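Visitor: Hi, I have a structure here that I have never looked at before. Could you walk me through it?

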Amino acid sequence: MTEPRDHPFVTAVKPLVDAMGGELMDPAQATPDDVVLTWEGQELLAVRLPQLSDSLDHILAALERRHGVPLSQLDRKSKQDVVRILEARGAFSVRHGVETVAGALGVSRFTVYNYLNRENPSKNTPA
């Protein structure tokens with residue numbers, strides 16, 4: 001980026017971009033899929049958003065950092081909480097999301113589905 005990375009706007013949005021797994025870049029390098037952000041009428045930076053599958057990996061890594069241990073070492077209740085967070089963030093709409101989460105938690109796909117059913121029993125009840 002040609003602008004200093006310590007610009008107040010960059011400083012303000014960097015934690016959000018990092019949390020999403022995005023990449024800050026010079027607006028001149030932006031592609032049509034990138035998001036160009038302006039500050040006081042000037043294109044200041046562009047954000048390259050991650051692919052959905054990369055986002056899930058990034059979310060899992062962030063949850064591990066939050067808990068301070070690999071997700072597979074969490075107790076059952078904590079794993080259920082992780083599944084609830086991931087469901088709220090759309091993790092299970094990603095192809096192979098259940099398999100990816102099951103691997104990270106060290107449980108079977110069946111267990112992840114049980115955690116999901118426990119949280120939302122009405123979702124799986126025939127109408």
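Visitor: Where is Glu40 found?

Guide: Glu40 is found in the loop between β2 and β3, where strands (E, at least two residues) and helices (H or I, at least four residues) are DSSP runs numbered from the N terminus. This is a predicted model, in which local features need pLDDT of at least 70 and side-chain atom pairs count only at pLDDT 80 or more, while totals for chains, interfaces and linings use all residues. Residues are numbered from 1 along each chain as its sequence is written, and side-chain values use heavy atoms, with hydrogens and water left out.

Visitor: Is Glu40 buried or exposed?

Guide: Glu40 is exposed, with a relative accessible area of 74%; buried means under 20%, exposed over 50% and partly exposed in between, using a 1.4 Å probe and protein chains only. Its phi is near 50°, which is a positive value in a residue other than glycine.

Visitor: And what about His96, where is that?

Guide: His96 sits in the loop between α3 and α4, and it has a positive phi of about 65° although it is not a glycine. His96 is partly exposed, with a relative accessible area of 45%.

Visitor: Back to the strands, what order do they have in the sheet?

Guide: The order is β1-β3-β2 in an open sheet of 3 strands with antiparallel pairing, and two strands pair if DSSP finds at least two bridges between them. The edge strands are β1 (23-25) and β2 (35-39), each of which pairs on one side only.

Visitor: How many bridges join β1 to β3?

Guide: There are 3 bridges joining β1 to β3 (residues 42-48), and these strands run antiparallel. In β3, Arg48 is the bridge partner of Glu23.

Visitor: Which helix packs on that sheet?

Guide: Helix α1 (residues 8-20) packs on the sheet and touches β1, β2 and β3, contact meaning heavy atoms within 4.5 Å. The direction of α1 makes about 15° with that of β3, where axes are lines fitted to C-alpha atoms, for helices over the stretch in contact, and angles run from 0 to 180 degrees between N-to-C directions.

Visitor: New topic: which residues touch the most other members of the largest nonpolar core?

Guide: They are Leu71, Val82, Leu86 and Val101, out of 17 residues in that core; a nonpolar core is a set of buried Ala, Val, Leu, Ile, Met, Phe, Trp, Tyr and Cys residues joined through side-chain atoms within 4.5 Å. At least two residues of this core come from each of α2 (52-67), α3 (76-88), α4 (97-105) and α5 (109-119).
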